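Okay, thanks for making time, everyone.

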Amino acid sequence: MTMKVGIDLGGTKIETIVLGEDNDILLRERIPTPQGDYAATLEAIVSLVRRVETSVGDFSRLGIGIPGAVSKQTGCIKNANSTCLIGRDLAEDLSEPLSQKVVLANDANCLALSEASDGAGAGEDVVFAVILGTGCGGGLVVKGQVLNGVNAIAGEWGHNPLPWHSESDVMMPCYCGQSGCLETFLSGPGMAAHFNRIDGRTMTAQAIFEAGEAGDKACREHMESYAYWLAKGLASVMNVVDPDVIVLGGGLSNAEFLYRRVPELWAQWVFSDRVDTRLVPAKWGDSSGVRGAAWL
């Protein structure tokens, strides 16, 4: 039987999936990501792969979605919000102990490919997929093909500045060296940092959404600010690539509030008399990226 094996290397979790010939899930497992420790991350991935081999047998090729890109110049990882990966040749460092070919791709590209193929964007010409989680990634699929770009940065909207910002929007520093990047507003840690600055409470983005839905006034107001930031960021993307559908993935994509509120807001910044772009959650949830990695 032909199997496809993928790994999603995220900021908080490492997930593996094994897909059968009909893309049915044969195995799925998650483990925590060792924080800031490259050697421990390698060990965790190798251990995970060994358990997959024990469960389903040997395979010859492994796809991995990473929170960054592979430099065409060096073959090493660049632009990763998991900064311990930057400058590392992850494919080579895993190929030797695993004795198999390892293929890397941006995790948002994996999400976009999965959702454009048989997910929430299936049948559409232009699909923009967003990861709202530890970082703020993006991937673009046009007529079934992932756009990677000459610099391997296509879709990296998270490192454009927040557009049409107001005086109350504080430009926080980003790990990339700039300030005011969309990632500093829209990632989970970014949203939480802005809330802590305003309110003084230390809460995760998920906790803020939950408290806001339960009636916490300050959290609800911050949810509204987040919707404005997201609407502005997506409007700037729409003005460039005009996607048929925008698919949200990552932990913050579970906030149902966003799918109602953001489309109510974004028209004021989209350069059109009407907006037909759909904003939808990933059909395959937070496992969509790992499915795309398996297809690598």
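Ground rules before that. This is a predicted model, so local features need pLDDT of at least 70 and side-chain atom pairs count only at pLDDT 80 or more, while totals for chains, interfaces and linings use all residues. Residues are numbered from 1 along each chain as its sequence is written, and side-chain values use heavy atoms, with hydrogens and water left out.

Helices (H or I, at least four residues) and strands (E, at least two) are DSSP runs, numbered from the N terminus. Strands pair if DSSP finds at least two bridges between them.

Let's begin with the sheet that holds β1. It is an open sheet of 5 strands, in the order β3-β2-β1-β4-β7, with mixed pairing. β3 (25-32) and β7 (101-106) are at the edges with a single partner strand each, so one side of each has no neighbour in the sheet. From one strand to the next, the twist averages 20 degrees; for angles, axes are lines fitted to C-alpha atoms, for helices over the stretch in contact, and the values run from 0 to 180 degrees between N-to-C directions. β1 (residues 4-9) pairs with β2 (residues 13-19) in the antiparallel sense, over 6 bridges.

Now two residues. I64 is in strand β4. Is I64 buried or exposed? Buried, with a relative accessible area of 0%; the cut-offs are under 20% for buried, over 50% for exposed and partly exposed in between, with a 1.4 Å probe and protein chains only. Leaving out residues up to four places away in sequence, I64 touches I7, L9, L94, V102, V103, L104, A105, A293 and L296, where contact means heavy atoms within 4.5 Å. G11, by contrast, is in the loop between β1 and β2. G11 is also buried, at 14% relative accessible area. Its contacts, again not counting residues up to four places away in sequence, are T33, Q35, S82 and T134.

On to the other sheet. Here 5 strands form an open sheet in the order β10-β9-β8-β11-β12, and the pairing is mixed. β10 (145-146) and β12 (278-281) are the edge strands, each pairing on one side only. β8 (residues 126-132) and β9 (residues 136-142) are antiparallel partners over 7 bridges, and V130 has G138 in β9 as its bridge partner. Helix α8 (residues 257-265) packs on this sheet, touching β11 and β12, and its direction makes about 165 degrees with that of β12.

Keep an eye on α3 (residues 107-118). This helix lies across β8, β9, β10 and β11 (245-249), at about 45 degrees to β9. α3 also lies across β1, β4 (61-66) and β7, at about 85 degrees to β7.

Rolling a probe the size of a water molecule over the atoms shows where empty space is left. On a 1 Å grid over the protein atoms alone, a cavity is a set of points where a 1.4 Å probe fits but cannot get out; a pocket is an open set with protein on both sides within 12 Å along at least five of seven lines; and lining residues have an atom within 4 Å of a point. Points are joined across faces, edges and corners, and a volume is the space filled by probe spheres set on the points.

How much space lies in the largest pocket? About 880 Å³. It is lined by 43 residues, and the closest to its centre are I131, G133, T134, G250 and G251. α6 gives the most to that lining, with 5 residues. By class, the lining has 11 nonpolar, 23 polar and 9 charged residues; Ala, Val, Leu, Ile, Met, Phe, Trp, Tyr, Cys and Pro count as nonpolar, Asp, Glu, Lys and Arg as charged, and the others, Gly among them, as polar.

The second largest pocket holds about 390 Å³. Its lining divides into 12 nonpolar, 5 polar and 1 charged, and helix α7 (residues 217-241) gives the most, with 4 residues.

Last stop: there is 1 cavity of 30 Å³ or more. The largest cavity has about 50 Å³ of space, and its lining residues include G138, I153 and E156.
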